[in-house]
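Have the sequence and the model open side by side for this one. We'll take a walk from the overall fold down to single side chains.

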Amino acid sequence: MQNFSDPNFINSLKRGDQSAMESLISAYSGHLLNAALGMGFGREKSQDIAHSTWLTFFEVVHKFEGRSHIRTFLFGIFYNKVSEYKRQLLKYEKYDPIEEVMEARFVDNGHWQSEWPSDPHQALVNTQGLSIIEECMDKLPLIQKSVFYLKVVKEFSSEEICHTLEISSTNLRQLLYRSKTRLKECIERKGAK
């Protein structure tokens, strides 16, 4: 087992030693991929983020001073890549049709125009229902999908989600509400077919 904090190993990395690089990649690629998946990214985007992290890591490894573990340095780069991607998403997510959806789905007193199926458990058990839910989840904007996944599926606390995604609690509530509304709209539309 390789000691990644060994100064000789670090120097090998800085020199571009192929076996040192392969050893590190082998040890941490799965961790990077799982971290991205856990943040709600799809498999393809998670692989892109992991790949981009490695590219940047090997470009800047010569700056690593050894004051922290190499894993800490690597995951610092990973979190920067995730933040960059989230900033890009927010930048390009200018148009949000949620207001139109809201007006179309609520009656004047603020209640839903139609109710969920009377037996939601049965709807979830239904394989077709699950595929509709997955398809609708994939259509959510990434930030909303991440919030929904972390809060509803992984049951993270609001504080943990705000810290992980670097958002305010107000923004969290808004994103969660929007994701639930979009999911409901999509599921109703697809279920009516």
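Predicted model: local features only at pLDDT ≥ 70, side-chain atom pairs only at ≥ 80, totals over all residues.

Residues are numbered from 1 along each chain as its sequence is written, and side-chain values use heavy atoms, with hydrogens and water left out.

Let's start with the whole chain. The protein chain has 10 helices and zero strands, giving the pattern α-α-α-α-α-α-α-α-α-α along the sequence. Helices (H or I, at least four residues) and strands (E, at least two) are DSSP runs here, numbered from the N terminus. Of the 193 residues in the protein chain, 36% are buried. Buried means under 20% relative accessible area, exposed means over 50%, and partly exposed is in between (1.4 Å probe, protein chains only). Now for contacts, meaning heavy atoms within 4.5 Å. Among those in the protein chain with a separation of 6 or more, 63% are between residues 24 or more positions apart.

Next, the inside. A nonpolar core is a set of buried Ala, Val, Leu, Ile, Met, Phe, Trp, Tyr and Cys residues joined through side-chain atoms within 4.5 Å. The largest one has 26 residues, and the members touching the most others are L13, L24, F41, F57, I70 and F78. At least two residues of this core come from each of helix 1 (7-15), helix 2 (18-38), helix 3 (43-60) and helix 4 (70-92). Helix 4 gives the largest share, seven residues. Have a look at F78: beyond its neighbours within four places in sequence, F78 is in contact with L32, A35, A36, M39, I49 and T53. Another core lies apart from that one, with 17 residues, including M137, I143, V147 and L183.

Now the rings. Rings of Phe, Tyr and Trp (its six-membered ring) pair if their centres lie within 6.5 Å; planes under 30 degrees apart count as stacked, over 60 as edge-to-face and the rest as tilted. The structure has 11 such aromatic pairs. One of them is W54 with F58, a stacked pair at 5.7 Å centre to centre and 20 degrees between the planes. These two sit four residues apart in helix 3, so about one helical turn separates W54 and F58. W54 is buried, at a relative accessible area of 8%, while F58 is partly exposed at 25%.

The pair of F57 and F73 is edge-to-face because the ring centres are 5.8 Å apart and the planes meet at 65 degrees. F57 belongs to helix 3 and F73 to helix 4, so this pair ties together parts that are 16 residues apart in sequence. Put together, W54, F57, F58, F64 and F73 make one aromatic cluster.

On to the cysteines. A disulfide is a pair of cysteine sulfur atoms within 2.5 Å, and by that rule there is one disulfide. Which cysteines form the disulfide? They are C136 and C186, with sulfur atoms 2.1 Å apart. The link of C136 and C186 is left-handed, at -80 degrees about the S-S bond. The pair joins distant parts of the chain, with C136 in helix 7 (residues 127-139) and C186 in helix 10, 50 residues apart. Both ends are tucked away: C136 is buried at 2% relative accessibility and C186 is buried at 5%.

Helix 10 (residues 169-191) also holds K184. Is K184 buried or exposed? K184 is buried, at a relative accessible area of 2%. The side chains of K184 and E188 are joined by a polar contact of 2.2 Å. A polar contact is a pair of N or O atoms within 3.5 Å; within protein, one must be able to donate a hydrogen and the other to accept it, and residues adjacent in sequence count only if both atoms are side-chain atoms.

Last stop, helix 9 (residues 158-165), where the buried residues are I161, C162 and L165. Seen down the axis of helix 9, these buried residues fall within an arc of 100 degrees, so they line one face of the helix. The arc is that of the directions from the helix axis to the C-beta atoms. C162 has 14% relative accessibility, so C162 counts as buried. Exposed residues E159 and H163 are on the face of helix 9 turned away from its buried side. Just after helix 9, E166 takes a positive phi of about 55 degrees.
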